[in-house]
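Dear colleague,

I am handing over the structure below for your use.

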Amino acid sequence: MHARFLQPDIFKVTCGAGAVTNTFTLVLTVASQETDGFRRFLRSAKHFNYTIKVLGGGETWEGGDYISPPGGGQKVRLLKSALEDIQEENKVILFVDSYDVIFSSGPKELLKKFQQAKHRVVFSAETLIWPDRHLEDKHPHVREGKRFLGAGGFIGYAPNLKKMVSDWSGADSDSDQLYFTKIYINPEKRKSINITLDSKCRLFQNLHGALDEVVLKFEDGRVRARNVLYDTLPVIIHGNGPTKLQINYLGNYIPNLWTFETGCTICNENLRPLSGLQVGLTEYPVVVIGIFIQQPTPFVTVFFERLLNLKYPKNRIQLFIYNQVKYYESHHEPHVRTFLEYHESEYQGVKLIGPEEDIDPVTSRNIGFEMCRDNIDCEYFFSIDVDVVLKNEDTLRILIELNKPFIAPMMTKPGRLWTNFWGALSADGYYARSEDYVDIVQGHRVGLWNVPYVSHIFLIKADALRTDLKDPDLFESATLDPDMAFCSKVRNKGVFMFVTNMHTYGRVLSTENYQTNHLHNDLWQMFENPVEWEERYIHENYSKVLKDAFIETPCPDVYWFPVFTDVACKHLIEEMEHFGQWSGGGNDNRIQGGYENVPTIDIHMNQIGYEKEWHKFLLDYVAPVTEQMYPGYYTRAQFDLAFVVRYKPDEQPALRPHHDASTFTINIALNQVGIDYQGGGCRFLRYNCSIKAPRRGWALMHPGRLTHYHEGLPTVEGVRYIVVSFVDP
């Protein structure tokens, strides 16, 4: 259960099965809710076998926060009450915050450093004075280090602490910092209670005002924080004030959550296994998958194919689909409609918001969340933008099993350091690169990472949506974009946003230059999204052509190899028929001089604006085969003519013998003999060699001049399509 109120019966938490190093050391902290930060605190305490007593369970917090004016008096009241029950004179008490605190070392080191301070009470120290700057001159000077008191952490003997808080009678909303500061700057009280500051951060490290001083120290399979200014190793790290992002960063490693020797040590903790559940029954948690289409996006058909392939029972999935591509209303509607027509009945339920409803993107996100909140059976909301390429079919299962309130799979863009998360934020709340960002992106550090920003895809527990994240304005801000506003509010609610790179999950498409003026716009994505283009349009066996010589020689110096998928062939045919301006098979003003020796009924690539893409295709997928099969010849894949030819019995059934105006020619069959047409093929007269059963998507490559005089055999039924390119004329 996320962020629930702590109940009185769990006020005392003894962490760890082993004996506490010093039985006279007790850690007191205040926590009214079980947040991600509190769980992190307890985990670090358990790692070092501290004994923890939690104060304030069951109470509503009235002590303010770091954003609001000074508060914290509630902590003093609770501490005063707890100390009344402690009678041992030699009992050492550590009092610290919890939500933004982690332990970096154990009780033995803590007690040793406390005793070395030779005072009965030691407070953490800060660079900045707060909340009353007018008290600066009254603080005693120190020879070296920080001179201002920090109330977020102190350690002392019980009698001295009792004396220190004995005069407290303030309100819960009063300032604990100011209360303790006034005691410290009073020479008599400071001497009477015997208080000093941990000026060189040997016990406590407050991060506010000291971010440049603190680095991670990896050594001998252990990781902790090091203060480089004083060359000290603090025991307790406190992300006080506006340093929550920095404590989150340090908390990804300390104490030993990730080291170079062990990798991630917590990735297999507190899991929710799904492997033993029976598919088709009601054992799997119900998930609402929110799909958001907010702009024209390539490969939407592929997105829905991958959604179908998710390895998760569809009867435990509800779909929320938002398709609001304004000014392009019809662009993605056929994709959504086709998907639902064939597959809607497979899912537990579907809610669709289309362009006609004119719902803005922010409202759509809230509606999707409400769909999960209102369904008592919903346990997760899985948000996916349509530009996500979800390659890993197990993604949803993996994220659920990791059992975090908020978790995202790391997504990348090929050849770039871009991902769907930010490792840090700049001062104005925008992107900044964390020290570990590149290592995480490149897979040198693998694990679970608490980050300040994620986008495009994430899984969130319904419990979090119904409690901490129940506000209707999560995506709204006067200054921030909706995704940034959302992440800011999630962080401020104390919900950790984890990203995992433990598996390869997929990519995010580039949509910046996506044009929508063609029938199959994805064909034009060779430059913007080359990986997706290749997966969609290049034959699955093409890689074997170069690696395994997966190539045939049906006639002398004629090479036959797979290059296009069936989808590529279908899209090229449909694109040409959609364009519709087929030549007449006679004199051709598209060609310089207007004369063509052996005219065909065709459409040129430059007529549909595809010449740049075709040139890249020749360079990337044809030139390597040419150079392998014709040793010593290197091509730049120049071409004057590239066109799709249409053969029909009543139009142009065949082509008379001819040479091509090329060094070599590429001829790719776009449809299938025996299914789409009868007859057809190519005959090389010099060798009396015919290829009468061309395979769809396979390319014939042959010399164009002198030796390979050839003809197109008659198509006797149906329609035959080929794409031809005269290369290096």
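**Sheet, annotated span and one buried histidine**

Strand S35 and strand S41 (residues 710–712) run antiparallel and are joined by 2 bridges. Please note that the model is a predicted one. Within this pairing, Leu655 has Gly712 of S41 standing opposite.

These two strands belong to an open sheet of 4 strands, ordered S35-S41-S38-S39, with antiparallel pairing. Its edges are formed by strand S35 (655–658) and strand S39 (689–691), each of which pairs on one side only. On average, and with direction ignored, neighbouring strands of this sheet are turned by 15 degrees against each other.

As for annotation, the UniProt record, an unreviewed entry, lists residues 638–729 as "domain: Fe2OG dioxygenase". In the model, residues 638–729 are 53% strand and 0% helix.

A separate point concerns His331, which is located in the loop between strand S18 (317–323) and helix H9 (333–343). Is His331 buried or exposed? His331 has a relative accessible area of 16%, and because this value is under 20%, the residue counts as buried. Leaving aside residues up to four places away in sequence, His331 touches Pro296, Tyr514, Thr516 and Asn521.

With kind regards

Note on methods
Residues numbered from 1 in each chain as written. Predicted model: local features only at pLDDT ≥ 70, side-chain atom pairs only at ≥ 80, totals over all residues. Heavy atoms only, no water. UniProt positions renumbered as here; feature names shortened; annotations may be inferred. Buried < 20%, exposed > 50% of the residue type's maximum accessible area, 1.4 Å probe, protein only. Contact = heavy atoms within 4.5 Å. Pairing = 2+ DSSP bridges. Axes fitted to C-alpha atoms, helices over the stretch in contact; angles between N-to-C directions.
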